[in-house]
Amino acid sequence: MKNFETAKDTQKNQMNNAASAAAQTPAGANAKLNAEQAEALRILQSGANCFLTGSAGTGKSFLLRSFIESSRSVLVTASTGIAAVRIGGLTLHSAFCIPRKIITSRDCAFDDAQWARLTRGKRYRLIHACDTLVIDEISMVRADVFKWVAGVLRAERERTGHKIQLVCCGDFHQLPPVIGSQEKTAWNTAYPDNPEGFAFQTQEWKDLNIRMISLTQVVRQRTREHAAALDLLRRGDPDGTGRNWILKNAAPKPVPNGICICATRKEADSKNEKALDKLDTPLESVPTVIDSTSDELKKLTMVVEPKLHLKAGARVMTVINDPGGRFQNGSLGTVREFIYDDDGSIMFVRVNMDDTGMDVDIAQHKWEVKLPECVDSGSEACIRYSTAGEYTQFPLRLAWACTIHKSQGATYNAANISVKRVWETGQMYVALSRCSDISRMHIEGRVSSSGKVLQNKAVIKFYEAEREKSKAAFAPAVSA
Ligand SMILES: Nc1ncnc2c1ncn2[C@@H]1O[C@H](COP(=O)(O)OP(=O)(O)OP(=O)(O)O)[C@@H](O)[C@H]1O
Ligand SMILES: [Mg+2]
């Protein structure tokens with residue numbers, strides 16, 4: 001193995017020190033909100049409790065970043081570690097000290113003893129200081145977790161008079177909450193009316209009077225027809241029109257160099273390992289270097305693996321936007337060779353990019369990890385994000401294959417989608433909606449025509465009811 005540490009200084013000047021949140025803004029710093037997004041931003045800024053939703057690729061995450069940047073004191077959270085990393089926030093569990101068990105109504109009543117326990121905890125200051133709580137990827141927040149958060153917001157309002165705006169973002173047609181196989185029986189006993197565990201099915205969701213803002217203009221897909229077919233799948237596609245259009249227009253054979261999107265992690269890891277093994281070029285292994293005194297940083301999910309294994313010939317994906325515009329977050333390419341420093345460490349990985357056909361020399365990247373803290377600003381406390389540490393690695397991931405779960409939120413330009421082991425609702429829609437160009441997407445396995453795996457009936461009903469509600473309440477500038 002080459003000595004990675006000693007190359008650090010040489011490479012320092014070539015590194016991009018941009019903060020991690022900025023690095024994850026897919027379209028770059030100069031992209032502007034479209035008219036629909038700008039109108040939605042105005043509603044978010046009104047202070048109402050909101051649910052920002054819309055089809056995959058309508059720019060929900062893009063808009064959410066603008067909202068966060070424009071807010072005074074915002075606590076940014078997401079349902080999973082990877083989603084929290086993408087948005088530059090904490091997991092909901094960490095921000096709200098949520099126990100890892102099935103939470104009952106009694107657990108989150110926040111009586112005097114429970115309230116005293118919560119307010120003694122290290123996170124309470126953040127909750128007390130925030131004006132707005134943002135929850136990204138809300139579809140994966142389990143109902144009991146949502147009840148706990150809503151319980152905290154209610155107790156905070158009733159006991160201290162402090163009202164916090166709630167902004168949820170996501171699409172319930174995408175991945176649902178995880179209920180582990182060992183938890184299933186206990187879950188069904190505790191929540192017999194909510195077997196899937198969706199947050200919107202709780203009384204707390206109704207009590208919070210959450211206004212739905214739905215983005216309709218798909219930015220990810222290149223053609224209207226493609227976006228329209230996906231929209232049909234999202235709504236359950238009762239007569240199979242969307243499915244048929246996708247099957248007719250998708251590439252009939254595997255797309256050369258397309259990323260394989262698989263249902264299970266085992267399948268994705270095994271495809272990557274096998275493909276790497278097959279190459280007869282020398283293996284390079286580069287550990288990710290973490291520089292932090294904070295124990296918390298060590299527990300956070302990183303954008304890259306703890307150790308990157310590469311060979312010349314390996315398929316890779318870039319995981320940042322290049323400030324020079326040579327590649328984007330999610331661009332695919334093939335490793336050509338490694339450029340070594342005098343001491344034998346790797347200075348650059350030379351990657352031939354699929355999009356442009358150009359060879360680009362990729363240096364290591366430094367990700368700053370920012371954590372929220374409570375600061376006094378004038379008379380009131382508010383939340384600021386300050387650097388808790390950093391980690392350094394080449395901004396690359398093996399990309400012969402990737403799971404559907406890891407692909408939620410991503411945009412790819414070529415994909416071979418394996419739907420054979422898809423087992424839950426929303427997975428199919430997430431997998432089929434990642435690619436901007438239908439002719440560069442191939443499907444392996446059967447896309448069910450029954451609608452059963454495609455969408456969940458409770459979700460369809462929820463959106464229909466919300467649309468009716470917003471029609472009745474006002475003629476919204478942003479339609480559902
Ligand atoms: N106003 C805009 N200008 C330029 N690019 C945009 C704009 N809005 C969104 N995009 C780009 O479109 C793509 C999809 O956006 P984004 O990932 O925010 O969608 P999303 O609704 O969050 O999708 P998903 O539901 O899959 O997470 C991204 O590459 C993003 O950078
Ligand atoms: Mg998103």
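**Core, sheet and helix packing in a predicted chain**

Trainee: Among contacts in the protein chain between residues at least 6 apart in sequence, what share joins residues at least 24 apart?
Mentor: In this predicted model, that share is 75%, where two residues count as in contact if their C-beta atoms, placed from the backbone, lie within 7 Å. Being a predicted model, it needs pLDDT of at least 70 for local features and pLDDT 80 or more for side-chain atom pairs to count, while totals for chains, interfaces and linings use all residues. Residues are numbered from 1 along each chain as its sequence is written, and chains are lettered from A and ligands numbered from 1 in the order in which they are written.

Trainee: How many helices and strands are there, and what share of the residues counts as buried?
Mentor: There are 18 helices and 20 strands, taken as DSSP runs numbered from the N terminus, with H or I over at least four residues for helices and E over at least two for strands. Of the 480 residues, 43% count as buried; that label asks for 20 or more other C-beta atoms within 10 Å of a residue's own, while exposed means 12 or fewer and partly exposed lies in between, with C-beta atoms placed from the backbone.

Trainee: Which residues of the largest nonpolar core touch the most other members?
Mentor: They are Leu52, Leu75, Val134, Ile135, Ile259, Ile261 and Val349, in a core of 119 residues, a nonpolar core being a set of buried Ala, Val, Leu, Ile, Met, Phe, Trp, Tyr and Cys residues joined through C-beta atoms within 7 Å. Helix α9 (residues 143-160) gives the largest share, seven residues. The core also draws at least three residues from each of domain 1 (8-215) and domain 2 (224-279 + 314-363 + 395-444), bounds that come from an automatic or database domain assignment.

Trainee: And what does leucine 52 touch?
Mentor: Leaving out residues up to four places away in sequence, leucine 52 touches Ala40, Leu44, Lys60, Leu63, Leu64, Val167, Cys169 and Ile213. Ala40 and Leu44 are also among the buried residues of helix α3 (residues 35-44), together with Glu36 and Gln37.

Trainee: Where do those buried residues of α3 sit around the helix?
Mentor: Seen down the axis of α3, they fall within an arc of 95°, so they line one face of the helix; the arc is that of the directions from the helix axis to the C-beta atoms. This side packs against β1 (50-54), α4 (60-70), β5 (165-169) and β6 (211-215), whereas the face turned away from it carries the exposed residues Ala35 and Arg42.

Trainee: Changing topic, which residues cover the two faces of β7?
Mentor: In β7 (residues 259-262), Ile259 and Ile261 are on one side and Cys260 and Cys262 on the other, and all are buried. β7 runs parallel to β19 (residues 415-418), joined by three bridges, with isoleucine 261 partnered by isoleucine 417. On β18 (residues 401-403), also paired with β7 in the parallel sense over three bridges, cysteine 260 has alanine 401 as its bridge partner. Strands are said to pair if DSSP finds at least two bridges between them.

Trainee: What is the strand order of that sheet, and why does one side of β18 lack a neighbour?
Mentor: The order is β18-β7-β19-β20, an open sheet of four strands with parallel pairing. β18 and β20 (441-444) stand at the edges with a single partner strand each, so one side of each is left without a neighbour in the sheet. Helix α14 (residues 265-278) packs on the sheet, touching β7, β18 and β19, and its direction makes about 165° with that of β18; axes are lines fitted to C-alpha atoms, for helices over the stretch in contact, and angles run from 0 to 180 degrees between N-to-C directions.

Trainee: Last one: where is glutamate 137, and is it buried or exposed?
Mentor: Glutamate 137 lies in the loop between β4 (132-136) and α9, and counts as buried with 26 C-beta neighbours inside 10 Å. Its phi is near 50°, a positive value in a residue other than glycine. Most residues other than glycine have a negative phi. Asparagine 209 also has a positive phi, near 55°, but asparagine 209 counts as exposed, with 9 C-beta neighbours inside 10 Å, and is found in the loop between α11 (203-207) and β6.
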